[in-house]
Amino acid sequence: MLSFLKANIATIVVVLLIIIAVILVITSMNKRKKSGKSLTCGGNCESCAMRNNCSYKDNQ
């Protein structure tokens, strides 16, 4: 078992870092959703390609 860990320590560390990053992203998305903020819209309608069909303005 110890030899397996020694041989694959770099892979294990990278996988753990990716898992931590995914957990942080999901946590951030949940916080934004609970606070009522959109997950996709930043509210800057001037630079948005969908500004003519925007539902953000309707929700304010």
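1. Where in the protein is confidence lowest, and where is it highest? The lowest mean, 52, belongs to helix H3 (residues 56-59), and the highest, 94, to H2. The score here is pLDDT, the predictor's confidence in each residue, from 0 to 100. Averaged over the protein, pLDDT is 82, and 78% of the residues score at least 70.

2. Some ground rules. This is a predicted model, in which local features need pLDDT of at least 70 and side-chain atom pairs count only at pLDDT 80 or more, while totals for chains, interfaces and linings use all residues. Residues are numbered from 1 along each chain as its sequence is written, and side-chain values use heavy atoms, leaving out hydrogens and water.

3. On to the fold: there are 3 helices and 0 strands, running α-α-α from the N terminus. Both kinds of element are DSSP runs numbered from the N terminus (helices: H or I, at least four residues; strands: E, at least two).

4. Helix H2 covers residues 9-34, 26 residues in total, and spans 37 Å from first C-alpha to last, close to the 38 Å expected (1.5 Å times one less than its number of residues). Just after H2, Gly 36 has a positive phi of about 90°.

5. Leu 24 sits in helix H2 and is exposed, at 56% relative accessible area. Across the protein, 3% of the 60 residues are buried. Buried means under 20% relative accessible area and exposed over 50%, with partly exposed in between (1.4 Å probe, protein chains only).
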